[in-house]
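I opened the notebook to look up how this chain is put together. My entries follow in the order in which I looked things up.

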Amino acid sequence: MNSNLTLVTGIWDLKRDQAGEGFKRPFSHYTENFVKLLRTEANMVVYIEKQHEDLVWQNRNKENTRVIIKEVDSFKNDSVLTEEKVSNLMKIQLLVSELQK
């Protein structure tokens, strides 16, 4: 693995299990796929809620991993993340899912 490569990723429970049709998925869908990513050998920076931090350390080595705790509620005060952007991100995610079928 190229030691100059660092993946930056994150995961938050955005309550997609409560979303409208077409966007509804259980959080386990995301955590199962997230674990696959965590098992790669690349250096990694992971943004994650404190309550899910154990998921990282169950699958990563502290020598090539940095965890940054960012609670989902902090996005509510983040003026960069608007409802329109979230909506667009969800549309992109749906398109990517359709392409993977």
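Buried means under 20% relative accessible area, exposed over 50%, and partly exposed in between (1.4 Å probe, protein chains only). By that rule, 30% of the 101 residues of the chain count as buried.

I noted the ground rules next. This is a predicted model, in which local features need pLDDT of at least 70 and side-chain atom pairs count only at pLDDT 80 or more, while totals for chains, interfaces and linings use all residues. Residues are numbered from 1 along each chain as its sequence is written, and side-chain values use heavy atoms, with hydrogens and water left out.

**Entry: overall layout**

I looked up the helices and strands, which are DSSP runs (H or I, at least four residues, for helices; E, at least two, for strands) numbered from the N terminus. The chain exposes about 7,400 Å², and carbon and sulfur atoms supply 52% of that.

**Entry: the sheet**

In which order do the strands of the open sheet stand? The order is β1-β2-β3, with parallel pairing. Two strands pair if DSSP finds at least two bridges between them. β1 and β3 stand at the edges with a single partner strand each, so one side of each is left without a neighbour in the sheet. Neighbouring strands are turned by 15° against each other on average, direction ignored; axes are lines fitted to C-alpha atoms, for helices over the stretch in contact, and angles run from 0 to 180 degrees between N-to-C directions.

I then went through the pairs. β1 (residues 6-11) and β2 are joined over six bridges, and I11 stands opposite I48 in β2. The chain passes from β1 through α1 to β2 in a right-handed β-α-β crossover. Right-handed here means that, with the strands pointing away from the viewer, the path from the first strand over the helix to the second runs clockwise. β2 and β3 (residues 65-69) are joined over five bridges. In β3, V67 is the bridge partner of V46, and I68 stands opposite Y47. α1 packs on the sheet and touches β1 and β2, its direction making about 165° with that of β1. Contact means heavy atoms within 4.5 Å.

Leaving out residues up to four places away in sequence, V35 touches L55 and N59.

**Entry: two loop residues**

Is E49 buried or exposed? E49 is in the loop between β2 and α2, and at 5% relative accessibility E49 counts as buried. Beyond four places in sequence, E49 touches several residues, including I11, W12, D13 and I69. E49 and I69 are 20 residues apart in sequence, yet 5.4 Å apart in space, C-alpha to C-alpha.

H52 lies in the loop between β2 and α2 as well. H52 is buried, with a relative accessible area of 18%. Apart from neighbours within four places in sequence, H52 is in contact with D13 and F27.

Methods
Areas by Shrake-Rupley, 256 points an atom, 1.4 Å probe, with all protein chains shown as cover.
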